[in-house]
Amino acid sequence: VRWPRWFRRERRERDLAEELESYLTHETADQAARGLSDTDARRTAHRQLGNMTRIREAEYEIRRGHLLTRLESIWLDGRLALRSLARRPSGSVAAISMLGLAIGITTAMFTVVDALSLRPVPFPQPDTLAYVSLQPARTQTVTSDASAAALRAWQHSPAFVHAESADSDTAGISVDGVVAVRRISHVTPGVFDMLGGVRPLLGRLVNASDIGHSVLLSEDLWRSLFQADREIVGRSVTIDGTPQVVVGVLPSEFRFPTWNTALWQVVSPEHPPATTPNRLVRFAPNVPPPDALRLATEAAIAADPSLAGVTLRVRPLIDQFVDPYYQRAMPVLVGGVVLVFLVLCANVSSLLLARLTARQRELSMRSALGAPRRRLIRQAVAESCVLGALGTVAGIAICWTLIALSRSWLSEAFPLHTLNPLSIDLRALVVTAGSGVVATLVAGLIPAWMGTRLAPNALLRVADRGSTDARGARALTRTMLVGEIALACTLLVAATLLVRSFINLSNADRGLDPKGKLGVMVWLPRQAFPDPASRALGAQRIEEGVRQLPGVRHVAWSYGLPPHGGGTWSGVWSSDAPGTIGQMDVAGYAVGPDFFALYGIPLIRGRLFDPADQRPGVVVGERLAHLLWPGLDPVGRTFRVDGRGTTGTFHVAGLVKETHFPSLDATLDMPQFYLPLGTAPTTPAMLTIGCDPVCPQTDLVRQLVLATHPSIRVRDVRVQVLEDVYLEQLARPRALAALGLAFAAIALFASAGGLFSVLSYAVARRKREFGIRTALGASPNQIRRLVLRQGLLVAASGMAIGSATAWLLARALAALQYGVAITDPVTWCSVLSVLGLTTMAACWRPARQAMRHDLVALLREE
Amino acid sequence: MPRKTRGNSRGDFLLGTLDMLILRSVFSAPAHGHTIAHVIEKSSSDILQVEHGSLYPALHRLEDRGFISGFWGTSESNRRARYYRITPLGRKHLIAERSRWQSLVEGVSRVLGPATE
């Protein structure tokens, strides 16, 4: 192919015209020389040349095989497709946005599923990564020297490819005199090599020479605290009071060992700051796990004989992030998004199909003008491809927005359970965009196929009559609409059940008032507080300090903070009533005298703890009382628990109202009893602050506790708002309910929109029929009823099918429901009425249009 | 609609013949379309009547395949005209076509035999 000539199509056409003209002048001159008059000569020359149009067509045939001509015709097809889409802008925008929504939502959902369920640990071969710890036998202690020796041995053991140390902790980083508290990880230098694929954004990764004085920053920390200063590498920052040199910045995609770790401090395996450091290893791929563990145990004992008798405990890294709630919810979410995808694709298809009549007329016209069938089908393909391409672009934009939103709004629901940075999943994008384009192709090809199958003259006649269209297409459109409404119904039922579960969960009776409460946990360092007397003194200092803060009304010490912080007493329970209860887990809180008043837990019978009253006794909750002494007054009775390490006989002094921890996991909500807390708090010491009207800032409380003793460090203090603990428990059901509701709303509006547009097309198509009916004496109301019946029939069959599938889905959802039955009448009534009203609204306008056709205008149109 | 194939395999017997005739008429000297048409008619003693219009697509097809190359020039009557000259590739093609044609003619005459009354 010689390009330059073909580039200039216009020049080539001009050349041809000039060449033919040259022939004509030569021939005319010849003929004139034979004695013909000028006009006759010219006419004869034209006759000699023959049909000019045929010459041009023959020329086109020559050019057709050329690459550029083909490209040009593809471009022309694309332009024609764009024009044809632009001619019906509202329908095209609807189709493109629905396709975009389908692609965007599905890709976003699969990205989330991938991050939470499929690849929560986005490192190469994540299943070979595991935490391994030394479990001492009874009466044995593992010294840090022995632990370091074991790590050294493991680094050379054939059982592991890598063996490193990675701990997660909290540290204060001071910037310009302000201390910010962030997650820090103490890592050995080889950790990044072990994980694999880590590239620093700035600076470099670490090596053995960095131990003890170097730190890596996260991109987020670098942006927020250092304003993305590119000169940060090599500078010194103060972490927990010691200066550290910044050697690099890690990109925000790197998340390890927790999702919000902001600092990585390089430590030596010999002197880790944690007493029981987390050893992270990568198992050798060719050694079976039992053999690897045996080898590793032997290597550890060989390295330090004091380890004889230890066992190894293995916790795969992935298991840290696999959340049972999401394991249950994932199939539901995936199913939901697939349903939405199907609804939207069916909608796009039915929208395109509904244009069949208009298209058919155009197609038959083009066919009558001589366009071959191949050409018409090619045009349909071009239109679908253009639509698909625009839809994909919209889809990427929607997906990007959704991911950005879920990152910032659902932070407690999602990133907590994954190290995956939630970037758009390209594979999912390709699959969804591909299926979206296939759906549009099918929808585009069906009209072209049907339109070109008939003889052009038959088509023209049918189109002229403007009353009926291909029966197959109409049936297909209706079937798809029924399917859409059924899917919308299914989704709506599921979403309503999830929403009601969430509402029930958040309104559930907790038995205590979580408002205006702060929980503080303080780990009093053993070196500074060796005995109960010093701990009591330390606790007293803290309490005095806290009481000084504005807004503090109550302060209560306890071991175990509600809602689920109590020590679990696991064992066989028996009471002085006949019979034993058997194995049971009960939450036991050791509480100070102010505890019940602070939480607002009312006393039902007996007495509470009083510092002045030294009589022994415990306080039980209603549930435990009911289990131990059904129907009897528990006060004054005794009960016994026999368990591992938790054995005792207790005398009941009082009965209080039960507190609850509403959660989908019912085992978290245990029966409870309360023991008196001695004068010296245990470690960690837990302090609840009840405030009125507003609580002090958590940072302020932390600063205050830190100020009471120099040996208490930032990481030893954790302050949390009590309500947040409940909210955390609600975050996942809330996210699920919100997603379900969003899916259902999209499906509902999409199918209502589909119904509306299909009916509108049908009404426009049947204008003439309605005119005849009116002329024959049908009243406007009768005509309206005709259209309404058509729409509502589709809606009713969709709802019937949808109810059946919803019933099946609701049963599968049982594990995610809280306090709501699948037969819940409120759910079903609201879903069916919402669906009924929506479809009614969708049918109303087309029906009114049908009713209001002006007969005279109709006649004039003909 | 079946796509028309290009090149020697083209089933159209006469078109191939026209290509050969065109190549022959520009063999010795460049010529323009009008001349070519008349040369073919004259040198065949008006036995072969070329539809002049079909000559031009044939010329462009040959040009497209590289057998001839076109250029604008001035004709003997001092008018602008597009001339075509044969290329080395065209010469080779003509020689091959000519021997193919001759063997075809020979074969056909043998089948027909001497003309009998």
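# A walk through the predicted model

Start by selecting D509(A): with a relative accessibility of 48%, this residue counts as partly exposed. That label covers what lies between buried (under 20% relative accessible area) and exposed (over 50%), using a 1.4 Å probe and protein chains only. Before moving on, note that this is a predicted model, in which local features need pLDDT of at least 70 and side-chain atom pairs count only at pLDDT 80 or more, while totals for chains, interfaces and linings use all residues. Residues are numbered from 1 along each chain as its sequence is written, chains are lettered from A and ligands numbered from 1 in the order in which they are written, and side-chain values use heavy atoms, with hydrogens and water left out.

D509(A) sits in the loop between α16 (471-507) and β11 (517-522) of chain A, and K657(A) in the loop between β18 (648-656) and β19 (672-676), so the pair ties together parts that are 148 residues apart in sequence. These element names are DSSP runs numbered from the N terminus: helices are H or I with at least four residues, and strands are E with at least two. K657(A) is partly exposed too, at 28%.

Next, go to R42(A) and E21(A), a salt bridge whose closest N and O atoms are 3.2 Å apart. R42(A) belongs to helix α3 of chain A and E21(A) to helix α2 of chain A, so this pair ties together parts 21 residues apart in sequence.

Then select D114(A), R119(A) and R427(A), which are linked in a network of salt bridges.

**Strands around β7(A)**

Colour strand β7 (residues 242-250) of chain A, then strand β5 (residues 214-218) of chain A: 5 bridges join the two, which run parallel. Strands count as paired if DSSP finds at least two bridges between them. Zoom in on L216(A), whose bridge partner in β7(A) is G248(A).

Strand β6 (residues 236-239) of chain A pairs with β7(A) in the antiparallel sense over 4 bridges. Here S236(A) stands opposite V245(A). At the turn of this hairpin, which has 2 residues between the strands, D240(A) takes a positive phi near 50°.

**Where chain A meets chain B**

Show both chains. How many residues of each chain are in contact? The count is 28 from chain A and 25 from chain B, contact meaning heavy atoms within 4.5 Å. In chain A, E19(A), H26(A) and I62(A) lose the most area to chain B, together 27% of what that side buries.

Which residues form the 1 salt bridge counted between the chains? Select R80(B) and E18(A): their side chains meet at 2.8 Å, N to O. The elements that give two or more residues to this side of chain A are α1 (3-7), α2 (9-33), α3 (38-49) and α4 (52-64). Finish on α2(A), which gives the most, with 13 residues.

How values were computed:
Buried area is the accessible area (1.4 Å probe) that two parts lose on being put together, summed over both. A salt bridge is a side-chain nitrogen of Lys or Arg within 4 Å of a carboxyl oxygen of Asp or Glu.
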